[in-house]
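Trainee: I'd like to learn how to read a structure like this one. Can you take me through it feature by feature?

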Amino acid sequence: MNDTDNLTSLDHVADRLLRLCLILSWLLLASLFVVSFSVTRARAEEVSCGGHDLIAEMARTDPAKLDALRKEAADTVNGKGLLWKIEKPGTRPSYLYGTMHLTDPRVLKLSDAAETAYRGADTVVIETDEVLDPNAPMKVMAETPELMMFMDGNTLDKVIPHNKLETVKTALSERGISLAAVNRMQPWMLTSMLAMPACEFARKKEGAAFLDIKLAEDAKAQGKQIAGLETIKDQLGAMASLPTQFHIDGLIETLTLGSKLPDVFETMTVLYTQGDIGMIFPLMRSVSPDGTESGQNYAEFEEKMVNARNRTMAERALPIIDKGNAFIAVGALHLPGEQGLVSLLKSRGYTITAEQ
């Protein structure tokens, strides 16, 4: 596929929006590298994310459609709630909390219940505790550069369709980055940067910590034990295992969404703060021109970037949960669904209840 304007496959149209839902997982990785680039934009407080809540708009313009989406979201297993209490006889309860890898003040503010669980925990767990080491990403890059960089002589300006190059350059320029500076990067890293709202990019550049890092840093300062369920190499390896063309398509399709991105991020943030995680995928389908989903590409992406990682995280969380009194914070999209963390932990015999 060389030009997304000519897409005729329903699978691809749906893929680009469903892939965007999972951009939240990509942002954790992209956040580790933002500080490596020279950003010349205004200070974060001067940069507006913009965007409006598509749900609120739908409530005014098409309430019947919104009602249908809410009914669909209600069918999502464990799709409502960010904080889950994990119980096992003879062990102090632990908590599972869904995060967004963003610095938005609305995301950073925990509910009273989550704050109480977090403050009272002996151990705080995030996806990868390696994010606390500012040198960790560069160590991984030095050891396994092929996970993040082209090592075969390819460059982005060679693999990106020629008629899309200027669009990519413009999008990068708006973030103070030249294509030459990132030309050897794997396309998924570029996609992460370009999908990130400008204000979010600026806040990260200024040193603002996204929620997961803030939770871990504050816990460490309080003398709590910190643990991770994955390594940076695990996460990068999952991304690198997908075909290069898949990532190139994802880059172009993200650019195609263009002006919709601020609205999508704003709506996802609102849904997140309401704990309505099961509403995210139905919302994305409603934005799609044909309102469909599925497709082999998306299925592969979901398996490698979500389901497989869920299984790994669940397995590595078990001994921590069995010790008791842990606060486990991972991306919210890892929680719902039949293959989500809540279901996986339930299948291991734990009693899990939504706390908010």
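Trainee: Let's start inside. Which residues of the largest nonpolar core touch the most other members?

Mentor: The general idea is that in soluble globular proteins, nonpolar side chains tend to be buried together. Keep in mind that this is a predicted model. Here the largest nonpolar core has 41 residues, and Y97, Y272 and F327 touch the most other members. Helix α13, residues 211-221, supplies the largest share of this core, with 5 residues. There is also a second, separate core of 37 residues, with I160, L165, M239 and L242 among them.

Trainee: And what percentage of the protein chain is made up of buried residues?

Mentor: Of its 356 residues, 56% are buried. The secondary structure comes to 19 helices and 6 strands. For contacts between residues at least 6 apart in sequence, 83% join residues at least 24 apart.

Trainee: Okay, helices next. How do I describe a pair of them?

Mentor: Two packed helices are described by the angle between their axes and the distance between the axes. Take α11 (residues 187-195) and α15 (residues 244-257): their axes come within 8 Å and cross at roughly 20°. An angle under 35 degrees counts as roughly parallel, so α11 and α15 are roughly parallel to each other. Their crossing is left-handed.

Trainee: Which residues in α11 and α15 meet?

Mentor: On the α11 side, look at P187, W188, L190, T191, L194 and A195; they meet T244, H247, I248, G250, L251, T254 and L255 in α15. That contact divides into 8 nonpolar residues, 5 polar and no charged.

Trainee: Now α3 and α4: at what angle do their axes cross?

Mentor: Roughly 130°, with the axes of α3 (residues 54-61) and α4 (residues 63-74) coming within 6 Å. That angle makes α3 oblique to α4. I55, M58, A59, R60 and T61 in α3 meet P63, K65, L66, L69 and R70 in α4. The residues of this contact are 6 nonpolar, 1 polar and 3 charged.

Conventions: Residues numbered from 1 in each chain as written. Predicted model: local features only at pLDDT ≥ 70, side-chain atom pairs only at ≥ 80, totals over all residues. Heavy atoms only, no water. Core = buried A, V, L, I, M, F, W, Y, C linked by side-chain atoms within 4.5 Å. Buried < 20%, exposed > 50% of the residue type's maximum accessible area, 1.4 Å probe, protein only. Helix = DSSP H or I, 4+ residues; strand = E, 2+ residues; numbered from the N terminus. Axes fitted to C-alpha atoms, helices over the stretch in contact; angles between N-to-C directions. Parallel < 35°, antiparallel > 145°, perpendicular 65-115°, else oblique. Left-handed = near helix turned anticlockwise from the far one by under 90°. Contact = heavy atoms within 4.5 Å. Nonpolar A, V, L, I, M, F, W, Y, C, P; charged D, E, K, R; others polar.
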